[in-house]
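Colleague: Please take me through this model by question and answer, beginning with the side-chain contacts and ending with the surface.

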Amino acid sequence: MSGGETETPVGCEATPGGGDKKKDSLGTAGSPAHLIIKDLGEIHSRLLDHRPVIQGETRYFVKEFEEKRGLREMRVLENLRNMIHETNEHTLPKCREIMQDNLNQVLQRLRAASDSVCRLQQREQERKKILNDHLIASEKQHITQWEDFMKEKHSRQAEVDEEHRKAMERLKEQYADMEKDLAKFSTF
């Protein structure tokens, strides 16, 4: 572990013919010195070499994290599946039924409104036609009355002109008579 030494894994023996002097000096594998060294190696690895423990803890943490995450995702997916099932089985048919009922009512109201509008348009057209006919008749009547007025005016004007002419003639005759009478008296 330290320096440039190579470690021998715990429970392993050095390769034969490798020139390992420790094995040669310690003796055989069953000797007490070998057992002590083996125990010291195990104690050393347990006390100072934390890699296996940390790796185990890391694997355990990752495993637990992934399981909890997987369970949480599974619960979320299960809830989504239940919600979709509930929506498909109950909510959508209710919505479709309510929509159909409401659409039928809306269509009936729309047809009734359309019929009412058509009737109102027909009444308005009839009223306009009657008003237009009345205006045309009234205009014709006014034209006729105007023509009658103009004829009457011309005839009255002719009558007034005739009366004026006659009155002028009478006045001329009267003045002529008065001049004659005056001429009679001027001789006196």
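**Contacts along the helix**

Colleague: By about how much of a helical turn are Glu 152 and Arg 156 separated in helix H3?
Modeller: This is a predicted model, in which local features need pLDDT of at least 70 and side-chain atom pairs count only at pLDDT 80 or more, whereas totals for chains, interfaces and linings use all residues. Residues are numbered from 1 along each chain as its sequence is written, and side-chain values use heavy atoms, with hydrogens and water left out. Helices are DSSP runs (H or I, at least four residues) and strands likewise (E, at least two), numbered from the N terminus. Because Glu 152 and Arg 156 are four residues apart in helix H3, their separation is about one helical turn.

Colleague: What is the N to O distance in the salt bridge of Glu 152 and Arg 156?
Modeller: A salt bridge requires a side-chain nitrogen of Lys or Arg within 4 Å of a carboxyl oxygen of Asp or Glu. The side chains of Glu 152 and Arg 156 meet in such a contact, with an N to O distance of 2.7 Å.

Colleague: What is the relative accessible area of Arg 127, which meets Glu 124 in a salt bridge?
Modeller: The side chains of Arg 127 and Glu 124 meet at 2.5 Å, N to O, and both residues lie in helix H3, three residues apart. Glu 124 is partly exposed at 32%. Arg 127 is also partly exposed, with a relative accessible area of 45%.

Colleague: What is the angle between the planes of Trp 146 and Phe 149?
Modeller: The structure holds one aromatic pair. Rings of Phe, Tyr and Trp (its six-membered ring) pair if their centres lie within 6.5 Å; planes under 30 degrees apart count as stacked, over 60 as edge-to-face and the rest as tilted. Trp 146 is exposed at 54%, whereas Phe 149 is partly exposed at 45%. Their pair is tilted, with 5.5 Å centre to centre and an angle between the planes of 35°.

**Fold and surface**

Colleague: What pattern does the protein follow along the sequence?
Modeller: The protein has three helices and zero strands. Read along the sequence, the pattern is α-α-α.

Colleague: What percentage of the 188 residues is buried?
Modeller: The protein exposes about 17,700 Å², of which carbon and sulfur atoms supply 58%. Buried residues, among the 188 in the protein, make up 1%.

Colleague: What is the relative accessibility of Leu 77?
Modeller: Leu 77 lies in helix H3. At this position the residue counts as exposed, its relative accessibility being 53%.

Notes. Buried < 20%, exposed > 50% of the residue type's maximum accessible area, 1.4 Å probe, protein only. Areas by Shrake-Rupley, 256 points an atom, 1.4 Å probe, with all protein chains shown as cover.
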